[in-house]
Amino acid sequence: MTSASSLISVLFANPAVILFVGAALAALFPDSRAGLRRPLMLVFIFFSGSQLYRLGLGEYGALSLFGESLVTLRVDRLARIFATVFHIAAALNIVYAWNERDRAQTFASLAYPAAALGGVLAGDLITLFIWWEIAAITSVFLVWAPGTRATFLSGMRYLAIQILSGVLLLAGIALIWGETGSLAFSEIGLRDPSGAVKLSGLVLLLAFGIKAAFPLLHNWVQDAYPKSTISGTIVLSIFTTKLAVYSLARAFPGTEELIYIGVVMTFFPIFFALIENDLRKVLCYSINNQVGFMVCAIGLGAINGAAGYAFGNIIFEGLLFMALSAVMYRTGTSKATELGGIYKTMPLTMIMCVVGALSISAFPGTLGFVTKGLIIDGAAEQHLFFVWLALLFASAGVLEHAGIKIPYFTFFAHDSGKRPKEAPWHMQAAMAISAILCIGVGFYPDPLYALMPDPAAMADYHPYSLYHIAEQAQLLLWAVLAFALLVVFKLYPAEVPSTNLDTDWLYRVPGRAILRWAAGVTGVLWDYCWKLYTERVDVFRSRIYAVHGPEGRLARSWPIGSMALWTAVVLGAVLAIAFFG
Amino acid sequence: MMSAHGPDHHGGDDKGWADSKAFRRGFLAVLILVALIAAALGFIPAFQKEHPHFDVEKIPVFFALYGFVMFALIVLIGQHLRKIVGRDERYYDERE
């Protein structure tokens with residue numbers, strides 16, 4: 001067994017534990033000192049980040065548990081790029097919500113990223129499971145933060161789904177341990193060498209798939225995330241799905257099924273995003289679509305593409321969420337029908353939103369361009385024509401809902417008459433840093449490429465080759481032209497306030513009805529059984545009462561005459577038996 | 001809880017720069033111009049892929065056509081999804 005002192009030294013060498021302790025310490029500050037919580041959190045993010053790079057690549061934090069050796073901390077190139085961008089995102093979110101005073105929300109906004117970081121740095125499956133569950137539990141506080149009945153119900157649904165993923169992960173771990181005797185978190189794969197699907201791989205893929213929001217398992221994102229607070233939604237949008245992307249890249253690189261799962265993921269959200277009125281929900285569909293690109297890249301074995309795009313997406317999708325949330329902070333709504341014309345009074349937020357929109361659409365000169373090309377080229381290099389076409393189609397779709405719809409309906413379109421103040425300084429600061437990263441890394445991607453899981457494969461990749469620029473410019477500019485013409489000819493559909501049904505309908509309406517019916521039937525059956533039982537008991541009791549009660553036969557005082565008669569009868573019977581027997 | 005909205009709402013008839021006809025026309029003109037330039041680049045050998053993976057890449061304006069048509073299809077076809085899944089805004093409020 002590991003001694004207590006070495007356990008403590010193992011724990012505190014872990015950047016994720018450092019972040020978690022920072023979150024806990026900050027939460028201990030009394031509300032009168034709430035202003036100190038976020039500066040303290042930034043200090044801990046700095047400590048954690050410097051610890052990550054001070055350690056360097058390698059395996060640390062070996063622990064022994066019931067004879068199994070665990071590697072609680074592994075920093076390799078794949079883990080490091082995710083860990084790095086998690087630090088950047090956590091810090092940006094802390095700055096963005098600088099004046100947030102709510103204790104639970106403040107705690108969760110660092111404890112939850114800490115848990116996701118812990119999962120990324122886990123070298124064994126048990127450690128991964130522990131962080132996986134901590135991430136589920138800490139993040140639900142962000143869903144619950146607004147404190148209404150709708151958010152409570154949504155949070156419960158969210159928690160149920162997240163815990164289901166955790167239970168499947170645990171089952172998968174048990175199966176893997178039974179098969180291989182190893183708890184290492186490394187390549188697991190879906191099939192065994194003979195090509196048959198392994199149950200362990202399938203269960204684990206499902207556990208990761210729920211968190212990555214695979215098609216049909218995706219809807220918890222749109223259900224829970226937009227119900228959180230202004231800043232809570234931004235924090236939520238980043239970590240869970242990217243931890244799942246990391247886990248898939250770790251355990252299932254080159255798994256062919258993921259190519260097609262990823263393609264479907266990039267496809268269907270495009271249409272839901274098109275008709276959605278709540279722009280925060282549009283961005284949630286965008287998360288599905290973006291994670292689809294990453295899942296596809298993992299299936300193609302383009303791990304650089306998956307990790308690089310995850311890095312980029314966290315920055316530019318985060319920027320879009322921040323800009324939209326800033327508008328919501330000032331106007332109280334994120335609905336397209338209630339916004340528009342905001343550019344007049346929030347021009348800086350508008351500019352930063354447009355930078356995020358250009359970046360997610362992968363215009364040359366942005367972070368999206370230098371990372372997305374890796375995935376689309378990956379499909380081309382494997383000569384998967386239809387996958388390649390599908391990814392190009394999905395790119396046009398991204399341009400539609402994230403590149404155009406978000407900035408257009410928020411800041412332009414029809415004038416809502418709202419004239420809000422520009423976003424507060426801390427929101428602007430976080431957005432400005434994100435925007436600078438979008439453009440800076442877009443023009444000079446070398447530091448990001450040096451951070452890639454497989455830097456050798458990056459040596460002959462040149463995003464700014466002339467044909468790349470020409471292809472992308474054609475694709476995007478002609479798509480924008482299509483948009484402009486649709487608007488000019490009034491063919492672009494107007495936004496309408498509505499609720500659009502998605503898979504969550506199944507458990508929110510018929511599922512709920514079945515549950516209520518089942519509860520009702522159980523209630524009636526129980527009443528019937530109880531009545532049956534109590535009736536029997538009542539009859540039995542009344543019989544005993546009839547015999548033994550004060551009025552009962554056995555309680556009667558019997559007359560001497562009847563006694564003498566019964567004695568004569570019994571004696572007569574004895575005589576008859578003796579005579580004839 | 002963070003929320004800071006209220007005092008800044010007032011009806012606005014004031015036109016911003018993006019609402020002027022001149023800007024809208026200018027934007028469209030510039031967009032058409034750069035889109036044509038991008039399409040023209042496809043005809044210049046320096047901007048063509050040396051070893052295309054697929055035959056369609058040899059068409060100089062393939063990406064322009066594909067982007068234009070696919071975007072239009074997404075919008076024109078996708079909006080009909082509303083007829084299937086669209087419900088009243090208070091749909092879930094009434095059921096939960």
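## Loop residues with positive phi

A:Leu216 lies in the loop between helix H8 (199-212) and helix H9 (220-224) of chain A; helices are DSSP runs of H or I of at least four residues, numbered from the N terminus. This is a predicted model, in which local features need pLDDT of at least 70, side-chain atom pairs count only at pLDDT 80 or more, and totals for chains, interfaces and linings use all residues. Residues are numbered from 1 along each chain as its sequence is written, and chains are lettered from A and ligands numbered from 1 in the order in which they are written.

The phi angle of A:Leu216 is near 75 degrees, a positive value in a residue other than glycine. A:Leu216 is exposed because 12 other C-beta atoms lie within 10 Å (20 or more make a residue buried, 12 or fewer exposed, and counts in between partly exposed, with C-beta atoms placed from the backbone).

A:Ala413, in the loop between helix H16 (385-411) and helix H17 (425-443) of chain A, has a positive phi near 50 degrees. A:Ala413 is buried, with 21 other C-beta atoms within 10 Å.

## A:Ala26 in helix H2

A:Ala26 belongs to helix H2 (residues 15-28) of chain A and counts as buried, with 26 C-beta neighbours inside 10 Å. Beyond four places in sequence, its contacts (C-beta atoms, placed from the backbone, within 7 Å) include A:Arg37, A:Leu40 and A:Phe107. The C-alpha atoms of A:Ala26 and A:Leu40 are 6.5 Å apart, with 14 residues separating the two along the chain.

Technical notes
Helix = DSSP H or I, 4+ residues; strand = E, 2+ residues; numbered from the N terminus. Contact = placed C-beta atoms within 7 Å.
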